[in-house]
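Please look at the sequence and the structure below before reading on.

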Amino acid sequence: MNSTDPHYSPLRDVAQNPEATARYLADVQRVLLDIGKNLETLALEVRVHCRNTNVKGDRFYDAWLRAQPVERAFRDVLKNVEAVTKGLEKGAYKRRVHDETVANTVRKRKERELEKQRKKSPQSLQAAPNQPQQGAQGQNAGYGGPTSIYDMGRESA
């Protein structure tokens, strides 16, 4: 795809590569952290200004009461910015895990297929009279094992 295609999106290339996604999200996170620092400074300045704004006839806590909704709004904004930055980290991690899962899916499917074949093949070999007894002993070996931690050295694997 190229930039002349009407359906081209530069973020499509970023989305297809987990490393590029992580870099992009880290850049966005840096910008948000800078914005968060500026918002913290602004919140402090607004707090000072609002709490020092007195009207004639105010009691000592009236300015403080008027400032509370404004301070709460800034606290909520800062909390949301922090949640977004944490979400960006989580998104980058989940994107990488997705690619690892996709890469491991083929291997896991092959392992499951081999396991199914192993389960099917002993059934045809169990026609011999000694075979079922050995299978039963192998399955119950865990139950007949040592009963305490001190007995573990007496039975070999």
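The model is predicted, so local features need pLDDT of at least 70 and side-chain atom pairs count only at pLDDT 80 or more, while totals for chains, interfaces and linings use all residues. Residues are numbered from 1 along each chain as its sequence is written, and side-chain values use heavy atoms, with hydrogens and water left out.

**Overall fold**

- The protein has four helices and zero strands; helices (H or I, at least four residues) and strands (E, at least two) are DSSP runs, numbered from the N terminus.
- Along the sequence the pattern reads α-α-α-α.
- Of the 157 residues in the protein, 16% are buried.
- Helix α2 covers residues 18–52, and His49 has its place there.
- Helix α3 covers residues 62–125, and Arg109 lies in it.

**Salt bridges**

- Side chains of opposite charge can pair when their charged atoms come close.
- A salt bridge here is a side-chain nitrogen of Lys or Arg within 4 Å of a carboxyl oxygen of Asp or Glu.
- How many salt bridges does a search of the whole structure find? The search finds nine.
- One of them joins Glu19 and Arg96, whose closest N and O atoms are 3.4 Å apart. Glu19 lies in helix α2 and Arg96 in helix α3, so this pair ties together parts that are 77 residues apart in sequence.
- Glu19 is partly exposed, with a relative accessible area of 38%, and Arg96 is partly exposed as well, at 35%.
- Asp27 forms a salt bridge with Arg30, with 2.6 Å between the closest N and O atoms. Both residues lie in helix α2, three residues apart, which is about one turn of the helix.
- Asp27 is partly exposed, with a relative accessible area of 41%.
- Glu111 forms a salt bridge with Arg107, and their closest N and O atoms are 3.0 Å apart. Because Glu111 and Arg107 are four residues apart in helix α3, about one helical turn separates them.
- Glu111 counts as partly exposed at 42% relative accessibility, and Arg107 counts as partly exposed at 42%.

**Aromatic rings**

- A pair of aromatic rings is described by the distance of the centres and the angle of the planes.
- Rings of Phe, Tyr and Trp (its six-membered ring) pair if their centres lie within 6.5 Å; planes under 30 degrees apart count as stacked, over 60 as edge-to-face and the rest as tilted.
- By this rule there is one aromatic pair. Phe60 and Tyr61 have ring centres 5.1 Å apart and planes at 85°, so the pair is edge-to-face.
- Is Phe60 buried or exposed? Phe60 is exposed, with a relative accessible area of 77%.
- Tyr61 counts as partly exposed at 30% relative accessibility.

**Surface patches**

- Patches are made of residues with over 30% relative accessible area and no salt bridge; like charges are joined within 9 Å, and nonpolar side chains (Val, Leu, Ile, Met, Phe, Trp, Tyr) within 5 Å.
- Accessible areas come from the Shrake-Rupley method with a 1.4 Å probe, and for residues only the protein chains shown count as cover.
- Phe60, Tyr61, Trp64 and Leu65 make a nonpolar surface patch of about 470 Å².
- Trp64 is found in helix α3 and counts as partly exposed at 41% relative accessibility.
- Which residues form a positive surface patch? Lys108, Arg109, Arg112, Lys116 and Lys120 form it.
- For charge, Lys and Arg count as positive and Asp and Glu as negative, while His and the chain ends are not counted. The place of a charge is taken as NZ of Lys, CZ of Arg, CG of Asp or CD of Glu.
- Arg109 counts as exposed, because its relative accessibility is 56%.

- His49 counts as exposed at 56% relative accessibility. The C-alpha atoms of His49 and Ala67 are separated by 8.8 Å, and these residues are 18 residues apart along the chain.
- His98 lies in helix α3 and is partly exposed, with a relative accessible area of 46%. The C-alpha atoms of His98 and Pro18 are separated by 8.8 Å, with the residues 80 apart along the chain.

Notes:
Buried means under 20% relative accessible area, exposed over 50%, partly exposed in between (1.4 Å probe, protein chains only).
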